[in-house]
Amino acid sequence: MIDLHTHSTASDGSDPPERIPELAAAAGCQAVALTDHDRLQGVGAAQKRAAEVGVELVPGCELSLEARGTMHLLVYFVEPGPGPLQDSLIRLQQARTERNQRLAARLAELGLPITYGEMVVEAGGDGVGRPHMAAILVRKGIVNSIQEAFDVWLAKGKPAYLDKERLQPADALALAKASGGVSVLAHPMSLEQPPDQLERTVAELAGLGLAGLEAVYGRYDPDQRSELSSLAGRHGLVVTGGSDYHGSYKPDLSVGTGRGDLHVPDSVLDALRQRIA
Ligand code: AMP
Ligand code: FE
Ligand code: FE
Ligand code: ZN
């Protein structure tokens, strides 16, 4: 069993990177990918601990792409250091910091007392994301849950939503390939596209070098997983899966097992590795 989608304190997870392989080992995983938003900074610490607990740590990251719905790309096998995708990540991180500072100002305008400094403390350093703002709103008694914070304030279209810089799908796929990476479309349902449109989007991404589709996603039901697996098959894509573990920011999800019904076979990792260009 493996888990190809997890977050640490390097982005918007609540556990430090070295905890991810520990949790994977405890769950009985042979391998786990660390896929923080826009960041590879957790990979080194996670790899070191993974070697100690006898789990393979797959380096990765998750990118938000320019598209009509929410389009996230998981990129695997890209190590921290210099490189085409790595350099773009640095720029995305700078843009994220600027967005977060503007978001702090917007929240203040809306009468929500959250400073940028508080976000950084909540995040444990860099890698601030909206879940950190949501957690602060919960702690201050302004909302009752992280989900409510999104539903009322932070989700796309809500009063405190501010867009962030995103790569174009074609650029992200090319950068990932140039850095020796393999790309997978994360949680495809979040594109919120009707079936015929999703079919065309996936065909287009496959033509641009997409290698896999995250059909076996922590929060998807059996019907969704099997529909997406068929979709992947029609476009020659690897059927992948992962929990999207974020620790206390998504308390329903565990590493390896998701909500208890996740099981991604080891063979998926071998299939992805064969797609390295
Ligand atoms: P950011 O990268 O700062 O824009 O935050 C994106 C993260 O916020 C996602 O990876 C999720 O963890 C979380 N998120 C985004 N939209 C929602 C939503 N509607 N409900 C709950 N969490 C969300
Ligand atoms: Fe996240
Ligand atoms: Fe995502
Ligand atoms: Zn994720």
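Hi everyone, thanks for coming. A word of caution before we look around: this is a predicted model.

Let's begin with the metal. Which residues hold the zinc ion, ligand 4? The protein donors are His5 and His7, each through NE2, together with Glu62 through OE and Asp244 through OD. They lie 2.1 to 2.3 Å from the zinc ion. If you follow the donors along the sequence, the spacing reads H-x1-H-x54-E-x181-D. Both histidines, His5 and His7, are buried.

Now, what about the geometry? The angles among the 4 donor atoms run from 77 to 171 degrees, and the site of the zinc ion is irregular. It is not called tetrahedral because that label needs all angles between 85 and 135 degrees.

Let's move over to ligand 1. Where does ligand 1 sit? The space it takes is the largest pocket. There, 13 residues surround ligand 1, and the closest are His37, Arg96, Arg99, Arg130 and Lys164.

Let me pick out some of the contacts. A polar side-chain atom of Arg99 is 2.6 Å from an oxygen atom of ligand 1. For His37, the distance from a side-chain N or O atom to an oxygen of ligand 1 is 2.8 Å, and for Arg96 the corresponding value is 2.8 Å. On its own, ligand 1 would expose 500 Å², and the protein buries 81% of that.

That's my tour, and I'm happy to take questions!

Conventions
Residues are numbered from 1 along each chain as its sequence is written. Chains are lettered from A and ligands numbered from 1 in the order in which they are written. This is a predicted model: local features need pLDDT of at least 70, side-chain atom pairs count only at pLDDT 80 or more; totals for chains, interfaces and linings use all residues. Side-chain values use heavy atoms; hydrogens and water are left out. Donors are N, O and S atoms within 2.8 Å of the metal (3.2 Å for Na, K and Ca); water is not among the atoms, so sites may look incomplete. Four donors count as tetrahedral if all angles lie between 85 and 135 degrees; four count as square planar and six as octahedral if opposite donors are over 155 degrees apart and all others between 65 and 115; anything else is irregular. Buried means under 20% relative accessible area, exposed over 50%, partly exposed in between (1.4 Å probe, protein chains only). A residue is near a molecule or strand if one of its heavy atoms lies within 4 Å of it. A polar contact is a pair of N or O atoms within 3.5 Å; within protein, one must be able to donate a hydrogen and the other to accept it, and residues adjacent in sequence count only if both atoms are side-chain atoms. Accessible areas come from the Shrake-Rupley method with a 1.4 Å probe; for residues, only the protein chains shown count as cover. On a 1 Å grid over the protein atoms alone, a cavity is a set of points where a 1.4 Å probe fits but cannot get out, and a pocket is an open set with protein on both sides within 12 Å along at least five of seven lines; lining residues have an atom within 4 Å of a point. A molecule sits in a cavity or pocket if more than half of its atoms lie within 2 Å of its grid points.
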